[in-house]
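Colleague: I have a few quick questions about this model before I set anything up. Could you walk me through it?

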Amino acid sequence: GLVLTENKEDGAKGLKISEISPHSKAGHAGLQKDDTLTAINNTHTDTMEDVRLALMDHRPGDHIKVRILRRNEQLQEEEQEMELELTNPEISKPHP
């Protein structure tokens with residue numbers, strides 16, 4: 001599982017990953033805390049409503065592509081794309 005929050009920086013796009021379980025499918029796919037989610041299947045994700053709309057036609061077990069921004073060691077943002085499998089939060093294993 002992961003927790004998304006609105007990005008409060010001026011002019012910032014996307015949603016900040018504020019919490020993530022390293023044991024979740026998202027964690028195994030490579031997503032990390034403080035990454036910025038900018039798109040799901042090429043749909044921009046600036047708000048939680050954008051995320052809801054991007055996932056509306058998908059079900060647990062479906063694979064989606066996500067695009068993120070991550071700060072590197074030189075504090076520059078790098079764009080990355082990853083594929084991950086959706087899970088059902090009601091039946092997912094809890095955080096250890």
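Colleague: How many helices and strands are there in the protein?

Modeller: The protein has two helices and six strands, where helices (H or I, at least four residues) and strands (E, at least two) are DSSP runs numbered from the N terminus. Their order from the N terminus is β-β-α-β-β-α-β-β. This is a predicted model, in which local features need pLDDT of at least 70 and side-chain atom pairs count only at pLDDT 80 or more, while totals for chains, interfaces and linings use all residues. Residues are numbered from 1 along each chain as its sequence is written, and side-chain values use heavy atoms, with hydrogens and water left out.

Colleague: What does the protein average in pLDDT?

Modeller: The average pLDDT (the predictor's confidence in each residue, from 0 to 100) is 86, and 91% of the residues score at least 70.

Colleague: Switching to overall shape, what is the radius of gyration of the protein?

Modeller: It is 13 Å, which agrees with the value near 12 Å that a compact globule of 96 residues would have; the radius is taken over C-alpha atoms, and the globule rule is 2.2 Å times the number of residues to the power 0.38. The C-alpha trace spans about 35 × 30 × 20 Å along its principal axes.

Colleague: Is serine 24 buried or exposed?

Modeller: Serine 24 is buried, with a relative accessible area of 8%; buried means under 20%, exposed over 50% and partly exposed in between, with a 1.4 Å probe and protein chains only. Serine 24 sits in the loop between strand 2 (15-20) and helix 1, and of the 96 residues of the protein, 30% count as buried.

Colleague: Which residue other than glycine has a phi near 80°?

Modeller: That is aspartate 34, where the value is positive; aspartate 34 lies in the loop between helix 1 and strand 3 and is partly exposed, at 48% relative accessible area. Asparagine 41, also not a glycine, has a positive phi of about 50°. Asparagine 41 belongs to the loop between strand 3 and strand 4 (43-44), and with a relative accessible area of 29% it is partly exposed.
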